[in-house]
Amino acid sequence: MEVMEDYILEMRNITKTFPGVKALSDVNFKVKRGEIHCLVGENGAGKSTLMKVLSGVHSYGTYTGDIVYNGRVQKFRGIADSEYKGIAIIYQELALVPELSIYENVFFGHEIMNGGTINWNETIVRAKEELKKVRLDVDPSLKVKSLGVGKQQLVEIAKALSKNVKLLILDEPTASLNEDDSANLLDLIKELKSQGVTCIMISHKLKEILAIADTITVLRDGSTICSMNTAEEEVTEAKIIKHMVGREIDNIYPKREKKNIGDVCFEIKDWSVVDPVKGREILKNVNINVHKGEIVGIQGLMGAGRTELAMSVFGNTPGYKITSGEVKMDGETVRFKSPKAAIKAGLAYVTEDRKGNGLVLIQDIKFNTSITNLEELTNGLAINENEEIKVANYYKEKMNTKAPSILQKVGNLSGGNQQKVQIAKWLFAKPKVLILDEPTRGIDVGAKYEIYSLMNKLVEEGMSIIMISSELPEVLGMSDRLYVMSEGVITGELSAEEASEEKVMQMAISSNPVTLEK
Amino acid sequence: MNLGKELGGLVKKNIRDYMMYIALVIIMIIFQIFTHGGFLQARNITNLINQAGYVAILAIGMTLILILKHIDLSVGYVAGFCGAIAAILMTQHGVNEWLAILIVLAVGLAIGMYQGLLVTRLGVPAFVTTLAGMFIFRGLLNISLQKTGTIIVPNKVFNALSNGYIFDLPFAPEGIHLVTLVIGVVAVVLLWISQIKARINRKKYDFKVVSLPIFIGGLILASAVIMLIIITLARYQGIPWTAVIVGVVLIIYNFILNKTKLGRYIYGIGGNDQAAELSGVNVKMVTLFAFASMSVLAALSGILYTSRLQSATPTAGTAFEMDAIASSYIGGVAVSGGIGRVTNTIIGALVIVSLTNGMNLMGVDISYQYVVKGIIFIIAVAFDVISRKKAK
């Protein structure tokens, strides 16, 4: 006999169009009560839009189709409506007020009232209970800004739980977490499941998904491709990827045709840096060298100091105090006082936060491509616009950036294409050493592969690349040699041959240099 | 039929820009009716240009500042103070008018450097720095005119800057200003050449262009408006010097913003200052330039105002900053920074000055004028915010 499935949520034939684009077409999405349901898809596949429809950000009437929640068709007109029914969504960018305490944040927006005033005693007691549920053992009167990202996320979940959430939606919850925090969070999600909370998780990290999901739904180009029950069929990464991109990618890391590694061309020696804001040393005696034509990986967990290393060398815009050390390019000692000086010397830095400090989103591809090297396009006073267009078109083609023209605003591009523009602008600066900071974060599998292939091509042409990444497989798959960082110290150096996930992890969680037995 | 559709699409897409022109036309029509045809008389149009001059000059500089997400509240009293210095130099120290102008512009530069360095090197917010500047230069203006009170400037050449007209050829016929006409025709020809060249270029690179009838229609409309103004002016006394000065400043700033590295950097910083800095832009230098240029333009504005009144008064400069900031925003500078054009700012300045001028003609009390201007200003900005949200 067939059991009637109990669905907490059914989204039926959801179609949502934006001016000029059909973001969702006829999407069907069913979530069983009490399950962990993972939603995957390339960037721009429609995951976020679907969740915005569900939570009422795109209000009733702006889409077609039905949202059936707990057996009833819902007409959400805003987040307040869906929250009232027990649906909570936690975004990648956390919505906490950093200057307020944990307990104030947990009950922010639904304060516990006592007549006309807030009952703070009750608030603190209740906040402690909610924190216990998410296994966060900290003083609730601490300011949120004093917590790490992982703990902040837990506070967000506690906040959702305090609203008596039945359906919890997590949008890439582990994107900015280290391995420990990620594992902790996934455990928590499982525990919430046992307490009867249904969870929808959007994620790019397939390993996590396979570890946790009861059902996996794949979206592609605004349509549901398939829904897989992990208990009924064997689901593998390759299978998910195939559904996501509609093709098999048998080798995620393209092989380099020929390795052509030359002499050392870039060196950081005994580099120690103090962050005056935090009042502590963030980098201690860092030593790194890069050969011509080599890809050097820098792996480390969040907060290991990788981005700080890049920023302090690349013109030191955060204003750190460099207490010792030197940088050498082609054997010559240099100290860059500004990014401009670093660029001139042949260094380029693709930042990890392309929206925050990488691109000017309100400007077009042409503007963003040429900005690093306008000198080359300027004769006399004026910019040579014809040359500029040629350059922008050249790099658009070279990077295979998908956009109608170079006059497209960068803010309207998908994450992968934005990243291509960001890399293009740095290639136009014609660097000798290219630093890539989390080059594939938040971008889809297809674009990742293109970026990897490009990296190979660039080093074959004689460029040197430093790749900072927290994704282990990527660092292992791409690097000729890699350094591991932890707490501001280089804890190890490995060649591609000797590196393994276990060895790297061991170094990444150590706070002292690790010597491995050979 | 297709043409109508394209036109509709264009209006929809550029509603923000068109709105400004539509508002200007509506305001002009209303005043034309209420002043029984006085508003669009040649004499009043000339008047309007002379009044708009010192506001437009300030608004051009302000556009750069606002694109960079800063503000300069001191411009009014800097203008007033600089105007007073010009008058004092010429009347009390016998300085030649051209030298006086140069000295005053240098004073403006010094003021701009002082404020710009505070903002960029010490990190004092522009709002605070220039609010302090408002106090300081208002005080200095009063101090400099304390002994004398209002100074009458009898210098003919100086006063011509904001009251005079460009020369005409000796053989020009009676009743028509020949040089003005020639300039008008040249401007129209240059407009056609540059637009056609730009269109050919865009086509060469496969960029979207509007259809030919709309392109030509737009050019004919623009040419007609230019020629209408030119003919009106030519039948009166010709192009005022103020228009020439504003025109030159406008061309220079439009060139800087659209054609030079500096302009790119200004838009880049306004759009995302961190990205600009990491791309090798010297954010501090560019910001310093904007503040320095702002105060130089404020000095020029003060010169025009003193010339217009033919005297320096202790109340000169009052509320200029309000008109300048409103002009920039009405002209389409984004409140969130990073977007704006000096050519549109000029239209914004025309809107603001038309309101002043029209209401003056109608005899509306100055207090009501402020209220009306404030309402138009907030409608324009609210409309801007809404249309940008929709575009997202």
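In the predicted model, 26 residues of chain A are in contact with 20 residues of chain B, two residues being in contact if their C-beta atoms, placed from the backbone, lie within 7 Å. The elements of chain A that give two or more residues to this side are α10 (339–345), α11 (354–358) and β20 (382–383); helices (H or I, at least four residues) and strands (E, at least two) are DSSP runs, numbered from the N terminus. By class, the side of chain A that touches chain B has 14 nonpolar, 10 polar and 2 charged residues. Ala, Val, Leu, Ile, Met, Phe, Trp, Tyr, Cys and Pro count as nonpolar, Asp, Glu, Lys and Arg as charged, and the others, Gly among them, as polar.

Residues are numbered from 1 along each chain as its sequence is written, while chains are lettered from A and ligands numbered from 1 in the order in which they are written. As the model is predicted, local features need pLDDT of at least 70 and side-chain atom pairs count only at pLDDT 80 or more, whereas totals for chains, interfaces and linings use all residues.

Chain A contains an open sheet of 4 strands in the order β14-β13-β16-β17, with antiparallel pairing; two strands pair if DSSP finds at least two bridges between them. At the edges, β14 (280–291) and β17 (332–334) of chain A each pair on one side only. Strands β13 (residues 264–275) and β16 (residues 321–329) of chain A are joined by 7 bridges, and Ser272(A) has Ser324(A) in β16(A) as its bridge partner. Helix α9 (residues 306–313) of chain A packs on the sheet and touches β13, β14 and β16 of chain A. Its direction makes about 75 degrees with that of β14(A); angles run from 0 to 180 degrees between N-to-C directions, and axes are lines fitted to C-alpha atoms, for helices over the stretch in contact.

Elsewhere in chain A, helices α4 (residues 120–133) and α5 (residues 149–162) pack at an angle of about 115 degrees, with their axes 9 Å apart. In this contact, Arg126(A), Glu130(A), Leu131(A) and Lys133(A) of α4(A) meet Ala158(A), Leu161(A) and Ser162(A) of α5(A). These residues divide into 3 nonpolar, 1 polar and 3 charged.

In chain B, helix α9 (residues 212–235) has 24 residues and reaches 34 Å from its first C-alpha to its last. This is close to the 34 Å expected at 1.5 Å a residue, the expected span being 1.5 Å times one less than the number of residues.
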